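Please look through the structure shown here before reading on, and keep it at hand while you follow the report.

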Amino acid sequence: MPETIKTSSTDGTPDVATDIPATVAEAAGPAPGKPRSLAADAWRDLRRNPFFVISAVLILLLVAIAIFPGWFTSADPNKGDLRNHFQEKPSYTHFFQAEWFGYDTQGRSIYARVLFGARNSITVGILVTLAVSIVGSVLGMLAGYFGGIWDAIISRLTDVFFGIPFLLGTMVVMNAVTDRTVWTVVGALALLGWTQITRVMRGSVITTKHSDYVVAARALGASTWRILIRHILPNAAAPVIVVATIALGGYITAEATLSFLGMGLSDDAISWGSDISDAAKQLRNNPYMLFFPAGMLSLTVLAFIMLGDAVRDALDPKLR
């Protein structure tokens, strides 16, 4: 029951008890707090999304494996013992021992190679995503904000690179180099992978630059670069984040495809793609050699795609 407040009239009549709540706050309920930002709303939605939680846990585990593979196995992934040639099938008696996934044709631990292969694959995916996001965002902002000759040049350049088949163009680039390191693969993939980010950022900037806060900042005399960095970029970056997160899994797959075809990382580097290529030759006799690296690759790509879908649902206001 609410507290009663006795009010007295000005003509001297007795006070009358009225059922008026004691405080205005009690009547109106809790006072509205500070309006949440888009990032705060997105984070609240992400925490409630089970796909985000599952994908985030998987990605954290994969990153930990990539950075500290020695925490999960004591076996040397490059040490081969021909006495183990197809002799040890997968054994699940001791988790941290080399026979957890069995051995390959050269007697090397498949379990150790799967864990150590995560480092190169995830590193390539993250570095390519960062490179194409930076290049694509800069070009997209220039084309979308300034328009005119800037838009014409960048748009036509984007069309030219967009018309080149991504995987085929990357193979041509990798075939022209001799030193096939992680940085070489990153450069080849980033060279042809920035077009989609550029188009997404251009369209987002064109929509954002006509907003009231941008017009007000321009009227108050803010510089062009201040408007781009402080006002347009934070509000136009959401679609780019979504596209980049989903594309990261595609870049990991592209690296594995190049290594599978023998045009990716060098032979002495550990890669899921090269292990899948070696295992494909023994698919009939020893299918387990293919299942483990291919399953790890599929799980990694699935985790990043699930993360991208969750981020898209949280950042897209149309889906709220």
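The report below goes from the whole chain to its helix contacts, its nonpolar cores and its salt bridges.

## The chain as a whole

This is a predicted model, and the values that follow are computed from it. The chain holds 13 helices and two strands. Of its 320 residues, 42% are buried, and among the contacts between residues at least 6 apart in sequence, 68% join residues at least 24 apart.

## Two helix contacts that involve α4

Two packed helices are described by the angle between their axes and the distance between the axes. Helix α4 takes part in a contact with α3 and in another with α10, and the table sets out the values for each pair.

| Helix pair | Angle between axes | Distance between axes |
|---|---|---|
| α3 and α4 | about 105° | 7 Å |
| α4 and α10 | about 110° | 12 Å |

Helices α3 and α4 pack at an angle of about 105°, which lies in the range of 65 to 115 degrees that counts as roughly perpendicular, and α3 and α4 are therefore described as roughly perpendicular to each other. On the side of α3, the residues that make the contact are L62, V63, I65, A66 and I67, and they meet L115, A118, R119 and I122 of α4. Sorted by class, the contact of α3 with α4 consists of eight nonpolar residues and one charged residue, with no polar ones.

Helix α4 covers residues 110-146, and helix α10 covers residues 224-236. With an angle of about 110°, α4 and α10 are likewise described as roughly perpendicular to each other. Here α4 contributes M141, L142, Y145 and F146, while α10 contributes T224, W225, I227, L228, I232 and L233. By class, the contact of α4 with α10 has nine nonpolar residues and one polar residue, and no charged ones.

In soluble globular proteins, nonpolar side chains tend to be buried together. In this model the largest nonpolar core has 34 residues, and within this core I110, V114 and L297 touch the most other members. Helices α3, α4, α11, α12 and α13 each supply at least two residues of this core, and α13 gives the most, with 13 residues. Apart from this core lies another one, of 31 residues, among them L189, A190, M201 and A217.

What does I110 touch, not counting residues up to four places away in sequence? The residues in contact with I110 are F101, G102, Y103, D104, Y288, M289, F292 and P293. One of these, M289, has its C-alpha atom 8.5 Å from that of D278, although D278 and M289 are 11 residues apart along the chain. D278 itself has its place in helix α12, which covers residues 272-280, and because its relative accessibility is 29%, D278 counts as partly exposed.

## The salt bridges

Side chains of opposite charge can pair when their charged atoms come close. How many salt bridges does a search of the whole structure find? The search finds four salt bridges, and the next sentences describe some of them.

The side chains of R202 and D151 meet in a salt bridge, with a distance of 2.7 Å from N to O. This pair links distant parts of the chain, since R202 belongs to helix α8 (residues 195-208) and D151 to helix α5 (residues 148-162), 51 residues apart. Is each partner buried or exposed, or in between? With a relative accessible area of 29%, R202 is partly exposed, whereas D151, at 15% relative accessibility, counts as buried because buried means under 20%.

D159 takes part in a salt bridge with R156, in which the closest N and O atoms are 3.0 Å apart. Both D159 and R156 lie in helix α5, where they are three residues apart, or about one turn of the helix. D159 also meets R199 through their side chains in a salt bridge of 2.8 Å, N to O, and this pair again links distant parts of the chain, with R199 in helix α8 and D159 in helix α5, 40 residues apart.

Key. Residues numbered from 1 in each chain as written. Predicted model: local features only at pLDDT ≥ 70, side-chain atom pairs only at ≥ 80, totals over all residues. Heavy atoms only, no water. Helix = DSSP H or I, 4+ residues; strand = E, 2+ residues; numbered from the N terminus. Buried < 20%, exposed > 50% of the residue type's maximum accessible area, 1.4 Å probe, protein only. Axes fitted to C-alpha atoms, helices over the stretch in contact; angles between N-to-C directions. Parallel < 35°, antiparallel > 145°, perpendicular 65-115°, else oblique. Contact = heavy atoms within 4.5 Å. Nonpolar A, V, L, I, M, F, W, Y, C, P; charged D, E, K, R; others polar. Core = buried A, V, L, I, M, F, W, Y, C linked by side-chain atoms within 4.5 Å.
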